[in-house]
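We will go from stop to stop, and at each one you will select something and look.

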Amino acid sequence: MKGAISRGGFDYRKSWHKFSKNYLSAVGLGVVLLVAFVAIFAPYISPYPSHAEFYVNYPEAHEPPNWVHVLGTDQFGRDVLSRIMFGFRYSLMMAVVVLSLVVPPGVVLGLVAGYYRGGKAEMVIMRAADIFLAVPPLVLALSICSVLTPSVFNAMMAVSLMWWPWYTRLVYSISSSLRNEAFVQAAEIAGASPFHIIFREILPNCLGPILTKMTLDAGWVILIGASLSFVGLGAQPPTPDLGTMVSEGGKFLPELWWISMFPAMTIVLVILGFNLLGDGVRDLFAAEAV
Amino acid sequence: MTGQLLEVNDLHISYKVYEGLLRVLNGVSISVGEKEKVGIIGESGCGKTTTMKAIMRILAANAMVAGGTIAYKGHDILRLGRQELMRLHRTSMSMIFQDPTAALNPVFKIGDQLQDIVRYSEWRSSVPNKQEVRTRAVELLKSAALPEPERILDSYPFQLSGGMRQRVCIAMSLASAKDLLIADEPGTSLDVTIEDQIMRLLKQIVEERGLSVILISHSIGAVKGFVTKLYVMYAGMMVEEAPTEELFSNPLHPYTQNLLKAVPKLTGGGVPEGIAGRIPSYLTITDACRFGSRCRFAKEHCHINAPPAFDVGNGHKVACFLYGGS
Amino acid sequence: MSAEEILVVKGLKKYFKTTRGVVKAVDDVSFSVMKNETFGLVGESGSGKSTVGHVIMGIYGPTAGSITFSGKDISMGVGRRPKELKKQLQIVFQDPASSLNPRRTIGQILGLPLRVHHLVPDGNYAEKVFEIMDLIELPREFAVRYPGEQGGGEKQAVAIGRALATGPSFIVLDEPTSALDVSIQAKIINMLMRFQKEFNLSYLFITHNLSVMRNVAQRVGIMYLGKIVELADTPEFFSKPLHPYTKMLLSAVPVITREEEALKPEKVTSTGEISGALSVPPGCSFHPRCPFVMDVCSKVVPLQVEYKKGHYVACHLYPSAINAE
């Protein structure tokens, strides 16, 4: 009881009930967990792990889906299924790294801008955010990547650079409207420091939208990462990135359709999974109807 | 009793929530005659709004009617089809809500909203002339004592004061209320002087048009000058029913007595005592008298059975074992 | 300042600049609150009574005028107030639903002022939080619950508990019971009165509910569009009101008993609409609604006059003290 006073109460079963009211959210969660599992254990569970990197076996090339290679082989004889499994690693890494880089500063800037409304901080932060938001995201990423050496790392940096303002905007709108709520005033009157007010009073009220957005963004980041690789500005062959695979396999359409179609379908599936999960996260934080 | 405009009989309504079933209404009965003005007083959560929503059939999706009937002009409201129900809403009954700001759409002008209602309620089968509709809208605003009705039609809700917005809502309800008007705490969000103005206006309109009214309030003084019959609700139970004067001069139910005593007096006399205890939770409620846990006179059988409404004469009914069998 | 006054407000003005003009929310307000007294401020929406409370608490800084607390000037904003002052001066807001953070538990809310002011030496906040909960008559288990799960009365009790946590000597009560039902209102007011005696508190009680005011305040001031139009001892205020607006307000109060009905002044009906805060009428701001309006009312702002001992009014009907006539 003593320690519980400083933490809050949390009802896990009720949260699950709210989350899974729409069964599709649970489906989304399942997909995401599956992708994560495959990504982490790819070297152990994929049928041909060595195919993920440089591998050439011309006699086995161009095979359509069969019992040996479930999703077929590509132009170098590499197993498509194994490469897709390893491809998940790059996709998830992209999502995790970009969001880790983008969310903390974006959220903090939004909180600060909202709390110090009408001051210089707000103006500087929001104008900077506006500038970055004014450029179409893909264009900005492409420009950055074409200037630097194309690589997975640089692609991630480019995407991060244009992603943070969305979080600042989102959190700013909540933070600035909560700024004048009675409970914030009450905290100020009690003598709480701005640090406490920003992080302990205002931030908890922003968590719902932030987490929902993060979930949906994961799908978007993966898509943009794949797009960059598709045009050759991200992961370079022979890296088994999903976008690279679609781009390489595109040359062989429509006869050897499986080389690009399966990676493409997988991208769709992953993004769909994150979107459905995002719906569930949003429901989780939704206010309860009386 | 036959011949009543509206008869709610033994209504039981529950809400389904994650934690279980909220058994809110437990056998609520009210009757409203032609041209009769009836009031319901009770505190938050007692179920008065639920009862009104049941009458208008605008209950939330998780509400279940577990028993009882609602008869309106011979129709069985609870089993009425959508079309018939909408016809009733258009031509016979209407409701005024507590917060006029929430009842008006902020992005449309008053004129748009009011004229939509006028068109819908009066010109259902024919295509109306724009001028006719506007004239009718102006008439309605005038009957709600609004100055400069033409200017108001062209204004947005935020440009009007709270009292004016509530008068606009009254005008809107007059378009369709030919028989019954339900007013759910119409003055609560307004200042005292404005509330006074609105209530007097409402009284005048109701008497001019011969409407029946159900007035809900938690302000006991506001209903006193308005209604002829009063119901007192507590925790989903109708605990007392009496003509207005009778209820104030001779309150019988312990809850009613406590409630009347809890109102601070303008003449002074100190801060009144509240009522000890709190409203029971609808989740864990039993079939006992719902006021039992807070009642000074509670006996053993009060904690087992709920008392029916005992008739003590003079149109006065009390649901309390102090006044009838056991 | 006499030894008895704990809060003195002189010539207080608070103007807000908006895109549509200047809103004179508080326009030259002066009053003082005595130690252990409950001073009532009554008025309808737009009167500025809540703004007065907010300025006293430092949520806004005054545009002009002075506020002194125990002799010391407190016109600075809440961020710049000394910690000791913050402990002494507390507020209970009107709407408990928005004055308690829905994402913090009751225990966390009550613990905040304790933490900020380091009121618990060995960090054992739980014990002190439980003490407060006993004081406001809430079961101790509620400390881990969220305010949203509680009813209005319980929430307001938490707000009061939070205000008491720092051991203040003065509390601004901004419509503490307006959002509550009658029976709970009585409970809360009883609690407030008990605390006043127990902890020697002084209250500034702001409300629009005259029936409540009659029973809690020793002196009452009534505000209209930013100015105090009448101020008197409570019994005098209610039995012998002078200002037409006071009479209008009193005559509109819905009452139940015959004695109250008899006490009410004759009905005063408004002759116009209430003006918005942006377009305050010239002269006496009440004149468009006043049935007793005279020529001078639309031209000259009436001065506050001590008509009888302790009974002040600002109205051209009473140009000077009663003995001077």
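Start in chain A: select P254(A), in the loop between α10 (242–250) and α11 (258–285) of chain A. Helices (H or I, at least four residues) and strands (E, at least two) are DSSP runs, numbered from the N terminus. Most peptide bonds are trans, and most residues other than glycine have a negative phi.

A word on what you have open. This is a predicted model, where local features need pLDDT of at least 70 and side-chain atom pairs count only at pLDDT 80 or more, while totals for chains, interfaces and linings use all residues. Residues are numbered from 1 along each chain as its sequence is written, and chains are lettered from A and ligands numbered from 1 in the order in which they are written.

**Confidence in chain A**

The average for chain A is 84, and 95% of the residues score at least 70. Then select residues 1–8 of chain A, where pLDDT stays under 50.

**Two helices in chain A**

Select α3 (residues 23–45) and α4 (residues 80–115) of chain A. At what angle do these helices pack? The angle is about 110 degrees, and the axes are 8 Å apart. That makes α3(A) roughly perpendicular to α4(A); the term covers 65 to 115 degrees. Axes are lines fitted to C-alpha atoms, for helices over the stretch in contact, and angles run from 0 to 180 degrees between N-to-C directions.

Show side chains next. V35(A), A36(A), V38(A), A39(A) and A42(A) of α3(A) meet M85(A), F86(A), F88(A), R89(A) and L92(A) of α4(A). Residues are in contact if their C-beta atoms, placed from the backbone, lie within 7 Å. By class, this contact has nine nonpolar residues, no polar and one charged. Ala, Val, Leu, Ile, Met, Phe, Trp, Tyr, Cys and Pro count as nonpolar, Asp, Glu, Lys and Arg as charged, and the others, Gly among them, as polar.

**A hairpin in chain B**

Move to chain B and select β1 (residues 6–17) and β2 (residues 20–32). They pair in the antiparallel sense over 10 bridges; pairing requires that DSSP finds at least two bridges. The hairpin joins β1(B) to β2(B) through two residues. Pick V8(B): its bridge partner in β2(B) is I30(B).

**Two positive phi values**

Select E148(B), in the loop between α5 (130–143) and α6 (149–153) of chain B. Its phi is positive, about 50 degrees, although E148(B) is not a glycine. Is E148(B) buried or exposed? It counts as exposed, with 9 C-beta neighbours inside 10 Å. The cut-offs are 20 or more for buried, 12 or fewer for exposed, and partly exposed in between.

Now select E175(C), in the loop between β7 (170–174) and α7 of chain C. Phi of E175(C) is also positive, near 50 degrees. With 20 C-beta neighbours inside 10 Å, E175(C) counts as buried.

**Where chain C touches chain B**

Show both chains: 33 residues of chain C are in contact with 31 residues of chain B. On the chain C side, α7(C) gives the most, with eight residues.

Last stop: α10(C). Seven of its nine residues are buried, so α10(C) is largely enclosed by the rest of the structure. Among the buried ones are Y245(C), M248(C) and L249(C). Their cover includes α8 (192–209) of chain B.

Technical notes:
Angles under 35 degrees count as roughly parallel, over 145 as roughly antiparallel, 65 to 115 as roughly perpendicular and the rest as oblique. Two residues are in contact if their C-beta atoms, placed from the backbone, lie within 7 Å. pLDDT is the predictor's confidence in each residue, from 0 to 100.
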